[in-house]
Amino acid sequence: MIDSSPNSNHPSPDNNPPSFLRRIPIAFGAFFGALSDAGFAGRIERVRDGMPAPTPAPVPVVPVAAAPAPAPKPAAPTPDAALQLLSLFQRDARLIDFTQENLSGFSDADIGAAARVVHEGCAKVLREHFTIVPVRDEAEGSRITLNEGFDARAVRLTGNVVGKAPFNGSISHRGWRAADVRLPTLAVGHDTTVLAQAEVEL
């Protein structure tokens, strides 16, 4: 039975010995608990004999998996470089003038002459501001084999594309790659949306 003397090792939660009336339900609860639960009876016995109750095994902490980091949003496009390049094509090739013109009233010869000027000007801009090289070094029409892991960003398959690599085919276009870009540095306050200034003759 539980030692209910003032020197009991089972103090009340406020560290003061329980009163006589409080000890009555404790005694009944301990009596019936010991009869129905062998583990509870063992704890009572250890308390009665002055032995410390066994420390319960710690509950394993299950690590909570961290939520996957959200995929980074693609950077917003900055149109300044594209507008700058477009202004260069207009300056040296009159590309915007050519594309905005209604050509229905011009003869094929006139259009051909204007296209020659646009072609020469565009080629000049590309030579000055870009180094452009072929994606593939082989001549067009050459037969090649594309093994597994080929760079699909640089090579596009056309025709009857079936199955997996390796693919055997012929080069219909070597592709182009920009090896270097040399666009001029924009001046502070430059308005890139003005592709060509309006001209006022005095």
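This is a predicted model: local features need pLDDT of at least 70, side-chain atom pairs count only at pLDDT 80 or more; totals for chains, interfaces and linings use all residues.
Which helix does Leu-126 lie in? Leu-126 lies in helix H5.

Residues are numbered from 1 along each chain as its sequence is written, and side-chain values use heavy atoms, with hydrogens and water left out.

**Exercise 1. The overall plan**

Task: State how many helices and strands the protein chain has, and their order.

Solution: 
- Start with the rule. Helices (H or I, at least four residues) and strands (E, at least two) are DSSP runs, numbered from the N terminus.
- Count them. The protein chain has five helices and four strands.
- Check burial. Buried means under 20% relative accessible area, exposed over 50%, and partly exposed in between (1.4 Å probe, protein chains only). Of the 202 residues in the protein chain, 13% are buried.
- Accessible areas come from the Shrake-Rupley method with a 1.4 Å probe; for residues, only the protein chains shown count as cover. The protein chain's accessible surface is about 16,500 Å², and carbon and sulfur atoms hold 59% of that.

**Exercise 2. Helix H3**

Task: Work out what span helix H3 (residues 80-93) should have.

Solution: 
- The expected span is 1.5 Å times one less than the number of residues.
- Apply it. The 14 residues of H3 should span 20 Å.
- Compare. The end C-alpha atoms of H3 are 20 Å apart, so the two agree.
- List the buried residues. In H3 these are Gln-84, Ser-87, Leu-88, Phe-89, Gln-90 and Ala-93.
- Find the cover. Contact means heavy atoms within 4.5 Å. Helix H4 (95-100) and helix H5 (108-129) are among what covers the buried residues of H3.

**Exercise 3. The largest core**

Task: Name the residues of the largest nonpolar core.

Solution: 
- Define it. A nonpolar core is a set of buried Ala, Val, Leu, Ile, Met, Phe, Trp, Tyr and Cys residues joined through side-chain atoms within 4.5 Å.
- List the six members. They are Leu-88, Phe-89, Ala-93, Val-118, Cys-122 and Val-125.
- Assign them to helices. H3 and H5 each give at least two residues to this core.
- Zoom in on Phe-89. Setting aside neighbours within four places in sequence, Phe-89 contacts Arg-94, Leu-95, Cys-122, Val-125 and Leu-126.
- Look elsewhere. A second, separate core has five residues, including Ile-144, Leu-146, Phe-167 and Ile-171.

**Exercise 4. Salt bridges**

Task: Trace the salt bridges of Asp-92 to Arg-91 and Lys-124.

Solution: 
- Define the bond. A salt bridge is a side-chain nitrogen of Lys or Arg within 4 Å of a carboxyl oxygen of Asp or Glu.
- Count. The structure holds seven salt bridges.
- Take Arg-91 with Asp-92. Their closest N and O atoms are 3.0 Å apart.
- Take Lys-124 with Asp-92. Here the closest N and O atoms are 3.5 Å apart. This pair links distant parts of the chain, with Lys-124 in helix H5 and Asp-92 in helix H3, 32 residues apart.
- Join up. Arg-91, Asp-92, Lys-124 and Glu-128 are linked in a network of salt bridges.

**Exercise 5. Backbone details**

Task: Describe the backbone at Arg-94 and at Pro-166.

Solution: 
- Check its partner. Arg-94 forms a salt bridge with Asp-97, with the closest N and O atoms 3.3 Å apart.
- Read the bond. A cis peptide bond joins Ala-165 and Pro-166, with omega about 10°.
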